[in-house]
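Trainee: I would like to learn how to read the sheet, the chain contact and the core in a model such as this one.

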Amino acid sequence: MLRTYLLSIPLTVAMTGLFSSVAVAALDPAYLAGAWAIDSNGSCGAQNAEYLIFNGDGSFEYNRRNKADAVGFWRIEDDLVVLDMMTSPASFQDIHAELQEFVGYQVYSMQAMPIDMQQDHFSAVASIGDQMQRFSLQRCP
Amino acid sequence: MKTPRDQSNVLRALPAGLLAAGILVAGYAPPAASHSDSAAYAFGGLLAGHLLTDMRFRQQQEARENQQQTQALNAMAYGGGGQRHIAAPHAPPAAAPMTPEQKLNQLDKLAAGGYITPAEYKARRQAILDSM
């Protein structure tokens, strides 16, 4: 009896994991609202973390190393998230030294296609101009 | 056991050894450090890459405009009445809703580029077809 019970525990855990990974969230403003950490730099509290903060009023902020690098507006169009944003002259100079020659504020329009939407994480393929990038996002507590 | 003479030889050889080590160290060229840190930031790297491309494009455009202005001024100075070309200001592309055909095309590109898995491609394609 006890043996059967003990054997059932790992099975239950495995089944729970299986079903939780299948759960799919719907793309709507309520789902996106909040802070999401972007994959490459670890968890929400990491020092080098990249964040997207979707505010309920339609504005958003891209935050990197605890500084805002881009601010703008977000909206959902069909199954895409459209991000219209502006960066300051100081943005990204640490990423590309060449950008130090570049002055002025810049305006971007980016489209991101969410994939594999789970309750607390999803992946997205973002495109801007000819460039694309896939990343995953994790909801911050 | 080392004699004082042996130790002396070692000490004499020491500067030469240090010199050789110094030459080796000086001759070693570490891999060129990349000034680009775009790989460290997924979202920021994408934006920075686009900005860099845009910056280079604008520099080329500015150079072309300067050349055209110079040609126009030369034409005016030496006859011919050349027209000055003024480039339209740069504007961000307008975001228009995509048609299902455009979505399918985009999906094909994503799959071809390896940005989505075959299973994701199949699911997304079916969703687009269902919406038509």
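Mentor: Start with the barrel: eight strands of chain A close up in the order 1-2-3-4-5-6-7-8, with antiparallel pairing. Strands (E, at least two residues) and helices (H or I, at least four) are DSSP runs numbered from the N terminus, and two strands pair if DSSP finds at least two bridges between them. The model is predicted: local features need pLDDT of at least 70 and side-chain atom pairs pLDDT 80 or more, while totals for chains, interfaces and linings use all residues. Residues are numbered from 1 along each chain as written, with chains lettered from A and ligands numbered from 1 in the order written.

Trainee: How many bridges join strand 1 of chain A to strand 2 of chain A?

Mentor: Five, between residues 34-38 and residues 50-54. In this pair A:Ala35 stands opposite A:Ile53.

Trainee: How many residues does each chain give to the contact?

Mentor: Residues are in contact if their C-beta atoms, placed from the backbone, lie within 7 Å. Chain B gives 28 residues and chain A 36. On the chain B side, helix 2 gives the most, with 13 residues.

Trainee: Which residues does B:Leu47 contact, beyond its neighbours within four places in sequence?

Mentor: B:Leu47 is in contact with A:Ala70, A:Thr87, A:Phe92 and A:Tyr108.

Trainee: Which residues touch the most other members of the largest nonpolar core?

Mentor: Such a core joins buried Ala, Val, Leu, Ile, Met, Phe, Trp, Tyr and Cys residues through C-beta atoms within 7 Å; buried means 20 or more other C-beta atoms within 10 Å of a residue's own, these atoms being placed from the backbone. Of its 40 residues, they are A:Leu52, A:Ala112, A:Ala124, A:Val125, B:Phe43 and B:Leu47. Helix 2 of chain B (residues 42-77) gives the most to this core, six residues.

Terms used. Buried ≥ 20, exposed ≤ 12 C-beta atoms within 10 Å, placed from the backbone. Contact = placed C-beta atoms within 7 Å.
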